[in-house]
There are 2 protein chains.
Amino acid sequence: MYSKIHVPLGKASYDIIVGPGLLTELPAYLNKLQASTGYVIVTDSTVADLLGEDLLKMLTDAGFKTGLACFQAGEASKHMDTVVTLARDLVRLGADRQTCLIALGGGVVGDVTGFLASIYMRGIPFIQIPTTLLAQVDSSVGGKTGVDLPEGKNLLGTFNQPCMVLADIGVLGTLPASEIRNGIAEVVKYAAIRDLPLFHLLEQKAQDILALEPDNLIEIVTRSCQNKADVVAADEKESGLRRILNFGHTVGHAIETASNYSIFHGEAISMGMCVAAELSVQKRLLTGDNANRLKGLLKSFGLPVIIPASIATPERLAMLTKSDKKARAGRVHFVLLKDLGETFITADVSDKELCMAIETNAR
Amino acid sequence: MYSKIHVPLGKASYDIIVGPGLLTELPAYLNKLQASTGYVIVTDSTVADLLGEDLLKMLTDAGFKTGLACFQAGEASKHMDTVVTLARDLVRLGADRQTCLIALGGGVVGDVTGFLASIYMRGIPFIQIPTTLLAQVDSSVGGKTGVDLPEGKNLLGTFNQPCMVLADIGVLGTLPASEIRNGIAEVVKYAAIRDLPLFHLLEQKAQDILALEPDNLIEIVTRSCQNKADVVAADEKESGLRRILNFGHTVGHAIETASNYSIFHGEAISMGMCVAAELSVQKRLLTGDNANRLKGLLKSFGLPVIIPASIATPERLAMLTKSDKKARAGRVHFVLLKDLGETFITADVSDKELCMAIETNAR
């Protein structure tokens, strides 16, 4: 019923456990891990009510010295002020260098808590308990933490690995369907860039997955984490190979920015992957049939494949894409597909080509 | 005329260059290091006027893409708001993941800039150019960065190593004598904990050093950095050996706290070393003669060996010492001397013993 992925990063290695009902087994995992003598659960206002208070009681009843620090739910909390306020909460709760944080929540909670753990008293350990599908398949691996500045997303942060990740697929039932779609987009990404068998599984089991059938959920979360772990282990600090994880994200981020983050990350990535597939077709790397298979898969999960005209003109999206912060010496690298499951990275995409690919996927 | 210390920390290894007039040779060092394509000098309002603007012009004239970001001088700037403001300056100056920061200033500049470098876009390189004796002998090695919270000093920070340190002893001539004394206290510390020849040198050359005679300055800065580098290389994350660097600091921090940081760090450390020496005598580890030699050396540099009654009662200082944040599981570890140049670490110091040692060194 459970699966385990080992993320091999030398001294920073850790395990991801995927399964149903893991939250209730946390005390046993903490005893096994022996990461600390005291714990502080860090979560947001939504998850605190749903899961946080119960977890606090469970850990306290099990004899662990445990505290809880909570911040307002929402993307706006991904801000340095939140980190400083939480740090002051930690001092108040008596957290010291031996304290271990437990990040309980979605992507924002993981990003903020991982960052806090890397700077509180110059670094304390943390455990991730991602409670959204997106966080389970994506944020569990990679060690990226951070907060936003008014000038851009994730401009302040660190690379910091958790000492354990528990992906309890049982908690996904409490999420709205839109949150599930949001995570599926990243699963499709892993399938498209390096896992053709996963692509087939998604094509065959879309309805079971959307119905949150446990075995299929465990399978797609595990395979996604394994794919990401393979890539990250080979390139921890994001210099080369890791770029393939940006498939769909280059244009996707531009769409998110243009929409002022009013649409889900997964939706933006879905549209971004369609543009990347179109560019791949234009460059005669990918067949039109395979591009259509990718779009069909995204559609079967209810993900958008067309960029609404209301978000921005193709020209503006192209401009925003080219000013991405990941540009090296001013050049944006595009992750294209040379087949389903195989990538090709190039900076050789003209403004005109980019515009044309966006237009083809816009209303 | 120059000396070089290699700090061996695997991938994070770097060199410290000590000598006169190094600032004017920065362009040559940057060409050799090839750390980046663009630089931002980070400094405070005092140093910007004295050295920063000139350095900016020199680097720009030498063809380096260079910017300058400046914050208000003083301990109060060691705050997360300063880091966030500087990060926004970096965005405005076009700094990206390839930009290298140049920390130009004393301890606060080094701490803040090193921290900023470790979190800006999840980490960019930085060069240290310490402009006070204290920063040259102490902050150049160790990789400790950080800012304060209202609840305590350095509660937020990272371990982050510079890619090079240039300790230009020529700039020390612009400092007031009190700033020189401030640095000497740390030099005496290295002598006392592990470098008897340095202890002898300090005893013989006190007047030359206070007159800023270059050869002696190079010698004491180099030996201090080498001593710290030896310790830090053996214990990068401060788990064991590195504790000996806290000689004089356990009680010293309590004195700083009690004085509300109105006295210099070096003065507090000087008094703290006297208390540690007294404890060592009480425990029959050190002879009274050697404790007096240490006090005599401190006095010869104009450093205080008696804690003024105006700062706090011995009881209050003892209480503050025992609540030091470095306490593990509630126990404070004291670094004592078993001879000049040799340490002995123990947590076995009763409140009464501590109070008595403080009282002996108080007015």
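A:Arg284 is exposed, with a relative accessible area of 77% (exposed means over 50%, buried under 20% and partly exposed in between, with a 1.4 Å probe and protein chains only). This residue of the predicted model lies in the loop between α10 and α11 (288-300) of chain A; helices here are DSSP runs of H or I with at least four residues, numbered from the N terminus. Although A:Arg284 is not a glycine, its phi is positive, at about 55 degrees.

A:Tyr261, not a glycine either, has a positive phi of about 60 degrees. A:Tyr261 sits in the loop between α9 (249-258) and α10 (265-282) of chain A, and its relative accessibility of 34% makes it partly exposed.

Turning to chain B, the axes of α7 (residues 196-210) and α11 (residues 288-300) come within 10 Å and cross at roughly 15 degrees. Axes are lines fitted to C-alpha atoms, for helices over the stretch in contact, and angles run from 0 to 180 degrees between N-to-C directions. The crossing angle makes α7(B) roughly parallel to α11(B), a label for angles under 35 degrees. Contact (heavy atoms within 4.5 Å) involves B:Phe199, B:His200, B:Leu202, B:Glu203, B:Ala206, B:Gln207 and B:Leu210 of α7(B), together with B:Arg293, B:Leu294, B:Leu297 and B:Ser300 of α11(B).

Residues are numbered from 1 along each chain as its sequence is written, and chains are lettered from A in the order in which they are written. Local features need pLDDT of at least 70, side-chain atom pairs count only at pLDDT 80 or more, totals for chains, interfaces and linings use all residues, and side-chain values use heavy atoms, leaving out hydrogens and water.

Key:
Helix = DSSP H or I, 4+ residues; strand = E, 2+ residues; numbered from the N terminus. Parallel < 35°, antiparallel > 145°, perpendicular 65-115°, else oblique.
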